[in-house]
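Here is a friendly briefing to read beside the model. Please take a look at the structure, then follow the points below.

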Amino acid sequence: APARAARIAERLPERADPDALNACTRCPLFCNATQAVPGEGPSDARVMIVGEQPGDQEDLAGRPFVGPAGQLFDQIAGEAGLERSSAYVTNAVKHFKFTPRGKRRIHQRPNISEVQACKWWLDAEIAQVRPGLIVAMGSTAAQSLTGCGAGLKARQGQIEQTPEGTPVLITWHPSYLLRLADASGRMEATNEMRRDLTIAAQYQQ
Ligand code: URA
């Protein structure tokens, strides 16, 4: 109840209420996930960071980007001078999609209808926060935010727009960097992401 009162005091729209998000059945992903993972950060953040969906650890913790991808993001953001605590950090899809393999839960990419179903929540967050810049990490976020599903290779480092006109900076997803086997390729992509986050940091000033 205190959290609810605080939200009302801040005049945040009811539709982005985390309790309502947790009760969401707009797509089937709620069936197997532990909980929905809402975005976190100040409701007046100038920069919004958007990933794909919660991973195994985020699903358990109920917070975005706390697992290996989150640790790499924190490291690169720190090097770029981007302050995570003053950014709003969220995902295109709010429930973890996975297939069980033994005791492990293997991440599965959300499909287009899941991304579109969850866009309702992402739009609510954007309407609340009204960021000056959104950073789309990876192709799922880029597609959800811009409507364009083209590959990331030609888009990384560019600033596109949401249909409503908010600038969207396209960058790599940290999990993509973690998957790159070739050390020099990984270093190059990491440098590119650091450069992108340096630009994002300027929007926090
Ligand atoms: N990957 C994402 O896209 N988001 C998270 O919150 C964690 C891992």
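Two residues are in contact if their C-beta atoms, placed from the backbone, lie within 7 Å. This is a predicted model, in which local features need pLDDT of at least 70 and side-chain atom pairs count only at pLDDT 80 or more, while totals for chains, interfaces and linings use all residues. Residues are numbered from 1 along each chain as its sequence is written. Helices (H or I, at least four residues) and strands (E, at least two) are DSSP runs, numbered from the N terminus.

**Helices α5 and α6**

- In α5, the residues V115, K119 and L122 meet T140, Q143 and S144 of α6.
- By class, this contact of α5 with α6 has 2 nonpolar, 3 polar and 1 charged residues. Ala, Val, Leu, Ile, Met, Phe, Trp, Tyr, Cys and Pro count as nonpolar, Asp, Glu, Lys and Arg as charged, and the others, Gly among them, as polar.
- The axes of α5 (residues 112–129) and α6 (residues 139–146) come within 10 Å and cross at roughly 70°. That makes α5 roughly perpendicular to α6 (angles under 35 degrees count as roughly parallel, over 145 as roughly antiparallel, 65 to 115 as roughly perpendicular and the rest as oblique).
- Axes are lines fitted to C-alpha atoms, for helices over the stretch in contact, and angles run from 0 to 180 degrees between N-to-C directions.

**Helices α4 and α8**

- The axes of α4 (residues 68–80) and α8 (residues 183–202) come within 8 Å, crossing at roughly 60°. Therefore α4 is oblique to α8.
- On the α4 side, I76, A77, E79 and A80 make the contact, and on the α8 side T190, M193, R194, L197, T198 and A201 do.
- The residues of this contact of α4 with α8 comprise 6 nonpolar, 2 polar and 2 charged.

**Around the ligand**

- There are 13 residues around the ligand, and G51, E52, G55, P64 and A69 come nearest (a residue is near a molecule or strand if its C-beta atom, placed from the backbone, lies within 6 Å of it).
- The shell around the ligand divides into 4 nonpolar, 7 polar and 2 charged residues.

**Two positive phi values**

- Most residues other than glycine have a negative phi.
- F65, not a glycine, has a positive phi of about 50°, and F65 is found in the loop between α3 (56–61) and α4.
- F65 counts as buried because 27 C-beta neighbours lie inside 10 Å (buried means 20 or more other C-beta atoms within 10 Å of its own, exposed 12 or fewer, and partly exposed in between; C-beta atoms are placed from the backbone).
- R130 has a positive phi near 45°.
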